Amino acid sequence: MNGEKSIQIKSSASALYNNLSVLRIAPRCLTYFTVVHANVVNMVSASWDGLNFSHRQLQSKEGNIAASSSLIMQASWCVLPSRELLVLTSQKGIQMYESDGSIMVYWHALDNPETPTVTLPKTQTFIERISSGSVLVFDIPSKGSNVMLSEVLEEHRDAVTDMASECSGSLEYMADLVTADDSGLLCVWKSGEDFQLLHKIPGFDVSCSSVKLWKGTVAAGYGTGQIRIYEAVTGIVHAEVNAHARWIYSLDIAPFSGLLLSGAEDSLVRVWHLTMNPDANSVEVEHLYSECITDTQICGAKFCDGDGYAFAVTGYDLSEIIRYTQA
């Protein structure tokens, strides 16, 4: 891997799980990045040639109030079949924007101060209430602001930490959503008219901070620094890797190549390769690459493309996004 010129951001990254979101806009040869700092989201639009950058800052809001001191817990793009939305979740509520951050199309207030997060499945946008353990399901129209809360999933008893949808793009896998909580419990779901709980994978009281779903396989990162690979539907463990010396903050998967990216408090970002072995009905994990960002608590790590050709990293109190590409 080669390090590129860093992208400067207006304010530093907060120490939040998965504090980096990336959206690739191929028709315009642009990549969007978001990083959360307190009650502000730093958004950067970067051209692929690395010559042009555009900055925008979005603040947490409360209904019609222009700005709020409510802490933002996550910002993420939701890529749906008919549109893309940038979703911000704060202690007071949920804001949905057009993908470039220009127009807020929806606001959902939380009854009690919560700390939600967000993910992006195939047909709807999902928002979780971390504090209560509830998962909120929203129906999203192909255009306009007629967003509807359609269902609340209440299987978690502990604070929800992360959730992920099937990212391989295939419709053949029964499990297409996984949610994780502070006890390490994973709930595996099948979406549809009503959501069906397929399986619960116990966490043995170790917090799961980041989770991904790929080709019916769950990759989960834990506070122990371990990564575990499960079969989604059955919960069978395919692999357990002592990946980091400290708490894992972020995982990502490149859906076209099966590359897995992990970032942790130990200042290391690592790239792994997941290989499906149909003969043994298992998944094998191979370590490919490590990069140390000295004296930095990594809090966000994301691939910049579906093949895993490049990835970006954020660190607590760093006012930059560091990008790497394959040599």
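Among contacts in the protein chain between residues at least 6 apart in sequence, 47% join residues at least 24 apart. The model is a predicted one. The chain holds 29 strands and zero helices.

**Burial and surface**

- Of the 327 residues in the protein chain, 58% are buried.
- The chain exposes about 13,400 Å², and carbon and sulfur atoms supply 48% of this area.

**Nonpolar core**

- In soluble globular proteins, nonpolar side chains tend to be buried together.
- The largest nonpolar core in this model comprises 17 residues.
- The residues with the most contacts inside this core are V178, L186, V211 and V218.
- At least two core residues come from each of β16 (177-181), β17 (186-190), β18 (196-201), β19 (208-214) and β20 (217-222).
- Leaving aside residues up to four places away in sequence, L186 touches V178, T179, A180, H199, K200, I201, C208, V211, V218, A220, Y222 and Y230.

**Sheet β19-β20-β21-β22**

- An open sheet is formed by four strands in the order β19-β20-β21-β22, with antiparallel pairing.
- Its edges are β19 and β22 (237-242); each has a single partner strand, so one side of each lacks a neighbour in the sheet.
- Direction ignored, neighbouring strands of this sheet are turned by 15° against each other on average.
- Five bridges link β20 to strand β21 (residues 226-231) in the antiparallel sense.
- Within β21, I229 is the residue that stands opposite A219.

**The loop residue K215**

- K215 is located in the loop between β19 and β20.
- Although K215 is a residue other than glycine, its phi is positive, near 50°.
- Most residues other than glycine have a negative phi.
- K215 counts as partly exposed because its relative accessibility is 31%, a value between the 20% and 50% cut-offs.

**Sheet β7-β8-β9-β10**

- A further set of four strands makes an open sheet, in the order β7-β8-β9-β10, and the pairing is antiparallel.
- β7 (72-79) and β10 (104-109) are the edge strands, each pairing on one side only.
- From one strand to the next, the twist averages 15°.
- β7 and strand β8 (residues 84-90) run antiparallel and are joined by seven bridges.
- The bridge partner of V79 is E84, in β8.

**S12 and D317: a contact between two loops**

- S12 sits in the loop between β2 (7-8) and β3 (21-25), while D317 occupies the loop between β28 (310-315) and β29 (320-325).
- The side chains of S12 and D317 are joined by a polar contact of 3.4 Å.
- With residues up to four places away in sequence not counted, S12 touches V36, H37, D317, L318 and S319.
- S12 counts as buried because its relative accessibility of 10% falls under the 20% cut-off.
- D317 is exposed because its relative accessible area of 53% is over the 50% cut-off.
- The phi of D317 is positive, at about 70°, although D317 is not a glycine.

Methods
Residues numbered from 1 in each chain as written. Predicted model: local features only at pLDDT ≥ 70, side-chain atom pairs only at ≥ 80, totals over all residues. Heavy atoms only, no water. Core = buried A, V, L, I, M, F, W, Y, C linked by side-chain atoms within 4.5 Å. Buried < 20%, exposed > 50% of the residue type's maximum accessible area, 1.4 Å probe, protein only. Contact = heavy atoms within 4.5 Å. Areas by Shrake-Rupley, 256 points an atom, 1.4 Å probe, with all protein chains shown as cover. Pairing = 2+ DSSP bridges. Axes fitted to C-alpha atoms, helices over the stretch in contact; angles between N-to-C directions. Polar contact = N/O pair within 3.5 Å; in protein donor to acceptor, adjacent residues only side chain to side chain.
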